[in-house]
Structure formats: structure tokens, C-alpha cells
Amino acid sequence: MNLPKEVDFIIAKLKSSGYDAYIVGGCVRDILMRIRPKDWDITTQALPQDVKKVFSKFKTIEIGIAHGTVGIIIENKIYEITTYRKEEQYINHRKPSDVSFVKDIRLDLSRRDFTINAMAYNESEGLLDFFGGREDIEAGIIRCVGNPNQRFEEDALRIMRALRFASEKGFEIEAKTYEAMCQHKRLLAKISKERINEELCKLLMGSFADEVLVKYSIPMLEIFPKNLLTQSDFQKAADVVSKLIALDLPLHFRTATIFAGIFLKEESLSEIASWLKTMKFDNKTVGKTLCLIEGLSIDIKNERQNLKWNLNRYGEINFKDMLRFRECYKSENLEHIKNTLKEIIDDGECFSLSMLEINGDDLVALGLNRGSLIGNTLQKILEEVINDNLENKKELLIEAVRAIQEEE
């Protein structure tokens, strides 16, 4: 394994100071999968205070010193070094109440979630793989280290992590591991919504998310609104998600796909919005998700006025997304509508207040001085322009404003 020179340096310096040290966890897994690691985690038998002494000439950060982690800054990058440890008595099925440092790396690796994440490596000793992680990578299997029931009892977020790994890497979840996930799914209620959201977003964006929705729906359904979504909803969603994956469409398309079925069965957008907000999705994702779902049921015709009113209501970007989502979800052929839409946009046809050839200042110059009056008048003018009753030319618009003033 070719490690960055900074990582090689850290391991060599710890070893020359009398301490074993290895890269560990996800970075080892990624190298074996021929993926360049984003982060390099290093583990050592040296205690945190010993690590700080070894690297006394470098700036260090006490990232999580109570849990054995010290950050070393080398060339403006932080490298995390963690002491071998074991964990006792998990609180709320998430965090250990007590951490104790150990000298045996096998004990450290045995506490980890899955075999593919429980390997260590350094150049002198090679790969340390006590639990069959390399074989599981080669076979494409996600398997818990040791007793899967214990692993999920300790940390229920591991259920979401297993689903996320399956989605990102296309791995199968080993039968006993999946059985334990199903048995302990209710423990997900103990996990913070922020952490579940983080894993769920990565899962939905995975290259194999469609397969996960079908194969592993039982624990997945646990985090969604009760009595709304079913396995059959996930099957329909999976069919659409496979199209989204092929088109590489972003997160809000995936979240919309999950809920589109129940919306079309008369479920209100407000209930869907409430769940998305409860699950800590950001406001932008919530808004775009609801927009796509709503777009499945709105009236869209290949008529310029209809399309301009939809552009006015939703905006160009959102409306184009809505058309694309309809194509994926309903398998509609909307090329004729998209061609007309392109003509409207390319020709600069007016569909919003900002595109009118007059503005509030022009109306003030004509004697209108109340904000609400100005706004209402501009809106009336825009309606006439969109409905092709009035050409978007300044002199004609001013005449129309004067006519409205005379009527009032």
C-alpha cells in the first residue's frame, strides 16, 4: 500500500519512539477496494500524552483526548492518531459510557462495526485482518465483527451505516447481520435525527440505492412516517431511483421519489414537509423536494401561456426540474413541452415581474405612491403580458398603467 509521506512519517516516528502504529479502518478498506481514501486514521498503543510528547515539535489538537484521539498538524493538514481502546456500557444505544486504553490492537479492532472496517496496516507488518475483512471485501459482503446483536445494541446507528455501505458499494448484507438489523430497528428512535439524516442522504445518493430500497426495506421503513410508507412504495421508488442514478440527479430528486407515491394517494404536502423538517433536512432540500412532488399533479400543457404561468409560479430552475422528475416518475415524454419552454426562455418572453419593461420607480413617476398599489398594479400588468393581451414594451405598459389609474 502506498501511503502519503506524512502518514508514513507519523507511523515511523511512533515506531522509532517504541510504539506500534498502523493506519486503520476506512482508509485500509478503501485502499483494498482501489479507492483513494479521503481521510487517514492512525491507531497506536501510545497514550495520548505520549503521542503529544513524540510530536512535541508539531502543533497538536486535543480533538477527542478523553477517547484517545490527538490531532497532529503537518503541512496545514490534520492527521488523527487514536490510542488502542475498548469501550464499555453504551448509553442510549449510541455512545460508550467508558473508554479504556489497551495495548493489544486486536482488542481495538474487535470493537469496530463491520469486518471491512476492522483492519489495520503498516509497511513492516503488512495487513492485520483478524476477522476476515479482506475476504468480505472480495466477496462484497457487509458483516458485523463478532455478535451482530451486540454490535447494534451498542450503537444503533450502525444499522444505517450498514444500509449506507450497501448503497454506496453494492455489497450484500450478510444474513445474520441483516436479521439483527431487523430485530433492533426500533433502537433507531434513540439516535439523533441529525446523524440519521447524514447516513440517509449518503444512502439515497449511493450508486446502488435502488437495490437497497428493495432488499433491505424492513429496517429502512423504521425511520419513515408510520403507517404511510410500505414495502410496495419502496418498490415503486426503487424503479424511479434507478433512473435517477443513471442520470446522476441530485438529492431532492431522491427524497421526492420516496414520498411521491403517498402524495399521489392524497397525502398532504404539509405532512411530508413536517417529516423532512423533523429529520433535519435543510430548508432548500425541503422546498425543492416538495416542488418536485407537487409537480406530478399540476396542469402542464404545451401552450405558451400555461408554461409561462408555471415559470412564474415555480421559477425556471424548479420548473425544469419538475418536468425532468415527471419524465422519470411518470415515464412521460415531455420533449415537445421542453422545446416550447426553451423557445420561451431563449426569446426572453416575459413571465416574471423582474422581466417587465417597467418597475416600481416608473410607477412612482406616474404618481403611484403606495407600496401595495404599486405591487398590485405591476401584477395586473404582468398578467396581461403573460396572457398575450399586452406587449412587453415600456411605452405600451405605461399606457396600460394610466388606463388602470383612470378605471380606479
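Predicted model: local features only at pLDDT ≥ 70, side-chain atom pairs only at ≥ 80, totals over all residues.
## Cysteines, helix pairs and a loop

**Cysteines**

- A disulfide is a covalent bond that joins the sulfur atoms of two cysteines.
- How many disulfides are there here? The count comes to zero.
- C201 is in no disulfide, and its nearest cysteine sulfur, the one in C291, is 19 Å away.
- C201 is also buried, at a relative accessible area of 16%, because anything under 20% counts as buried.

**Helix 13 and helix 15**

- When two helices pack, we describe them by the angle between their axes and by the distance between those axes.
- Helix 13 packs against helix 15 (residues 283-294) at about 50°, and their axes are 8 Å apart.
- That angle makes helix 13 oblique to helix 15.
- The crossing of helix 13 and helix 15 is right-handed.
- On the helix 13 side, the contact includes L251, F253, T255 and F259, while helix 15 brings in residues including T285, T289 and L292.
- Sorted by type, the residues of this contact between helix 13 and helix 15 are eight nonpolar, four polar and two charged.

**Zooming in on T255**

- T255 sits in helix 13, which covers residues 251-264.
- Is T255 buried or exposed? At 2% relative accessibility, T255 counts as buried.
- If you skip neighbours within four places in sequence, T255 is in contact with L204, F281, T285 and T289.

**Helix 17 and helix 18**

- The axes of helix 17 (residues 316-330) and helix 18 (residues 335-346) come within 11 Å and cross at roughly 170°.
- So helix 17 and helix 18 are roughly antiparallel to each other, because angles over 145 degrees get that label.

**Out in a loop: N369**

- You'll find N369 in the loop between helix 19 (360-365) and helix 20 (371-386).
- N369 is exposed, with a relative accessible area of 65%, because the cut-off for exposed is over 50%.
- How far apart are N369 and L107 in space? From C-alpha to C-alpha they are 77 Å apart, and in sequence they are 262 residues apart.

Technical notes: Residues numbered from 1 in each chain as written. Heavy atoms only, no water. Helix = DSSP H or I, 4+ residues; strand = E, 2+ residues; numbered from the N terminus. Buried < 20%, exposed > 50% of the residue type's maximum accessible area, 1.4 Å probe, protein only. Contact = heavy atoms within 4.5 Å. Disulfide = S-S within 2.5 Å. Axes fitted to C-alpha atoms, helices over the stretch in contact; angles between N-to-C directions. Parallel < 35°, antiparallel > 145°, perpendicular 65-115°, else oblique. Left-handed = near helix turned anticlockwise from the far one by under 90°. Nonpolar A, V, L, I, M, F, W, Y, C, P; charged D, E, K, R; others polar.
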